[in-house]
Amino acid sequence: MGDFVLDFPLCCLGVGKSAVVKSLSAHGALRRRLSDIGVVEGATVKCVGRSPLGDPAAYLVRGAVIAIRDCDSRSVLVRG
């Protein structure tokens with residue numbers, strides 16, 4: 001049997017792991033903000049760290065490190 005891969009929310013990506021953005025379920029200002037910082041379908045995202053309390057997390061996207069809160073990163077589905 002072939003490998004079965006599921007998409008999962010960006011907030012579940014472990015530190016040091018990379019994934020590809022598959023879809024965004026965000027709407028309005030949040031969707032625009034994510035798009036502006038490069039979180040678009042097909043973009044590679046790497047989690048480079050988490051704050052001491054776990055939220056927000058820092059992600060490397062298109063050469064820039066950005067912090068995204070878990071409540072916002074739940075609307076980004078990725079595939080690792």
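## R62, an exposed residue

R62 counts as exposed because its relative accessibility is 62%; the cut-offs are over 50% for exposed, under 20% for buried and partly exposed in between, with a 1.4 Å probe and protein chains only. R62 belongs to the loop that links strand 4 to strand 5. Its phi is near 50°, which is a positive value in a residue other than glycine.

The loop between strand 4 and strand 5 (64-68) also holds G63. G63 is likewise described as exposed because its relative accessible area is 73%. Between the C-alpha atoms of G63 and V45 there are 9.7 Å, while the two residues are 18 residues apart along the chain.

## Basis of the report

This is a predicted model, in which local features need pLDDT of at least 70 and side-chain atom pairs count only at pLDDT 80 or more, whereas totals for chains, interfaces and linings use all residues. Residues are numbered from 1 along each chain as its sequence is written, and side-chain values use heavy atoms, with hydrogens and water left out.

## Overall form

The protein contains two helices and six strands. Helices (H or I, at least four residues) and strands (E, at least two) are DSSP runs numbered from the N terminus. Read from the N terminus, the order of elements is β-β-α-β-β-β-α-β.

The radius of gyration of the protein is 12 Å, and this agrees with a compact globule because a chain of 80 residues would then have a value near 12 Å. This radius is taken over C-alpha atoms, and the globule rule is 2.2 Å times the number of residues to the power 0.38. Along the principal axes, the C-alpha atoms fill a box of roughly 40 × 30 × 25 Å. Of the 80 residues, 34% count as buried. The accessible surface comes to about 5000 Å², and carbon and sulfur atoms account for 55% of this surface; the areas come from the Shrake-Rupley method with a 1.4 Å probe, and for residues only the protein chains shown count as cover.

The six strands form an open sheet in the order 1-6-2-3-4-5, with antiparallel pairing. Strand 1 and strand 5 are the edge strands, each of which pairs on one side only. Two strands pair if DSSP finds at least two bridges between them. In general, strands of a sheet pair through backbone hydrogen bonds, either parallel or antiparallel.

Strand 6 (residues 76-79) has partners that include strand 1 (residues 8-9), in an antiparallel pair of two bridges. Strand 2 (residues 18-24) is also joined to strand 6, in the antiparallel sense, through four bridges. V78 of strand 6 stands opposite F8, and V78 stands opposite V21 as well. The covered face of strand 6 carries V76 and V78, and the uncovered face carries L77 and R79. As a general rule, the side chains of a regular strand alternate between the two faces of the sheet.

Strand 2 also makes an antiparallel pair with strand 3 (residues 44-50), over three bridges. Here A19 has V45 of strand 3 as its bridge partner.

## The hairpin of strands 3 and 4

Six residues lie between the strands of this hairpin, and G54 takes a positive phi near 95° there. The peptide bond from D55 to P56 is cis, with omega near 10°. P56 is part of the loop between strand 3 and strand 4.

## L24 and its contacts

L24 is a residue of strand 2. It counts as buried because its relative accessibility is 12%. Which residues are in contact with L24, leaving aside its neighbours within four places in sequence? They are R31, L34, V39, V40, S75 and V76, where contact means heavy atoms within 4.5 Å. The C-alpha atoms of L24 and R74 are separated by 9.1 Å, although the two residues are 50 residues apart along the chain.

For the protein as a whole, 57% of the contacts between residues at least 6 apart in sequence join residues at least 24 apart.
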